[in-house]
Structure formats: structure tokens, C-alpha cells
Amino acid sequence: MPRAPRACRHRLRQRGHLAGSLLKYLGLAVLLWVVLTTTPVLALRWLRPLTTAFMVEARVAAWRAREHGYRTDFRWVSLEQISAHVAIAVIASEDQQFPFHAGFDFDSIREAVRASERGKRLRGASTISQQVAKNLFLWPGHSFVRKALEAWFTVLIETLWPKERILEMYLNIAQFGDGIYGVQAAAQRFWHKPALRLSSAEAASLAAVLPNPLRLHAERPSRYLIERREWILGQMRDLGGASYLHALENERRSAH
């Protein structure tokens, strides 16, 4: 009779060892994932990216379509070499709470969901930080897995980078045309001038194409683009123009 309890205890010990081993390997896997994802984000706080996931995806798509003339125009410049008009234009257009949120604008998300429930087309509510995470590390799409990864990289970026670096990265990797990435490349291609010399109207035109840079053209604006540009200019004035960026400067001073 005592053999049954001993056998039962043996099986319980085996299950305990198995559960312990699984937890150990799970912990190691989580640690490895954190290290592998945190390291490039931390490095990019100071280093310039050589390319982005979206640039690579576009090149692969062009190669598959046998578009032999496709070229990536990507020219990095520091935030100090970009007109303040451009910075405030993209904030006015894409993410007016950028200086104040921690990566996610939950008010905009709620508004987008309510608009969808009323039968309107679901509009994007991605912040500038989320767009940087997506463009740098991920792929186009709306799957749950990609959204979860986007949220994870957004948290890392907001934790490890100052707001000025996030904005600098966005202005350098955002797409403004077919193969055209960053405001410096766009300014040179469209108006033959450096990004530092862009006017408020030109800055608003660039911001206006961000929702669909392959169909909208800043240098050849359609009626829709002109209307959107004027709306962005109005938002820029309402926000107070370049003075709105003082919140980013204050954050930098408080960090030192």
C-alpha cells in the first residue's frame, strides 16, 4: 500500500521540476527579448540610423516589382538644422499633445473609436512616438502582433529618449514621397533648399502629405492638399507657432 503514495509524490516532484524548468527558460527568453529590443533603442538615442524597417520594405517591394529606377533618398540632419516651422507643422498635424503625453494619446484613441461607432471611417490615432517605433522597427499593417510590438517599442522610446530626440528622429525618417525620407531630402527635392530655410507654408505642405505620401504631393498640391495645408497653418497659429516647442526645451533643461 505505501507504494502508491510514493509514486504519487514522485510524479508531483517530476511535475514540479518540469514547471521550474519551464519558468526558468521562460524567464531567460523574456530577459533575452528585453535585451535584444532595448539595446538598439538605447543606441539610437545617440546614433543615426543607417536605414529603417519601412525603407527596407519599400526597397524590397520595388525590387519585386522590377522598379529598377527606385532610389532611397535619405539625408539626416540635426534638429537645429530643421526649420522650427516644420517641427510645429508635424505636431499640429499629427500629434498636438506630443510634448505632454508618454507615448499614447488616449483621448484621441477614444475619439477615433467613437467616430467609428458612429459609422465614420476609423481614423488613425497614432502619436509621433508610435510612428517612430513603427517606421524604425516594424512593418505596415494592423495585426494585433504588430500593434503589440508597436506599443512595446513606443514605451522603450519614450523611456530612453528625450522628446527632442523623438521629434528629430521622426523628422528625419518620415516619408514625404516615393523613396523620399526626411525633411532634408524633401526640401532639396521639392524646393531646392535646405530644411532650415523652409517657410511655414512649405512646412505645412510637407505635414499635409504624411497620411499618404505616395498619393499626395507637396510640390504639386491638389485642392484637398491645399485645404489640408491651410487647416494645418491655422492649427500652427492656434498652438502659438514655434513657442509651442518651448515645452520640449523645458524638458531638456530639467533633464540636466
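Me: Before I read the order of elements, what counts as a helix or a strand here?

Reply: Helices (H or I, at least four residues) and strands (E, at least two) are DSSP runs, numbered from the N terminus. On that basis the protein chain reads α-α-β-α-α-α-α-α-β-β-α-α-α-α along the sequence, with 11 helices and 3 strands in its secondary structure. Keep in mind that this is a predicted model, where local features need pLDDT of at least 70, side-chain atom pairs count only at pLDDT 80 or more, and totals for chains, interfaces and linings use all residues. Residues are numbered from 1 along each chain as its sequence is written, and side-chain values use heavy atoms, leaving out hydrogens and water.

Me: In what order do the strands sit in the sheet?

Reply: Strands of a sheet pair through backbone hydrogen bonds, either parallel or antiparallel. Two strands pair if DSSP finds at least two bridges between them. Here the open sheet runs S1-S3-S2, with mixed pairing. Strands S1 (73-74) and S2 (175-177) are at the edges with a single partner strand each, so one side of each has no neighbour in the sheet. S1 and S3 (residues 180-181) run parallel, joined by 2 bridges; Asp-73 has Ile-180 as its bridge partner in S3.

Me: And helix H5, how many of its residues are buried?

Reply: Buried means under 20% relative accessible area, exposed over 50%, partly exposed in between (1.4 Å probe, protein chains only). In H5 (residues 128-137), 8 of the 10 residues are buried, so the rest of the structure largely encloses this helix. Among them are Ile-128, Val-132 and Leu-136. The buried residues of H5 pack against helices H2 (53-64), H3 (84-94), H6 (144-160) and H7 (163-173), with contact meaning heavy atoms within 4.5 Å.
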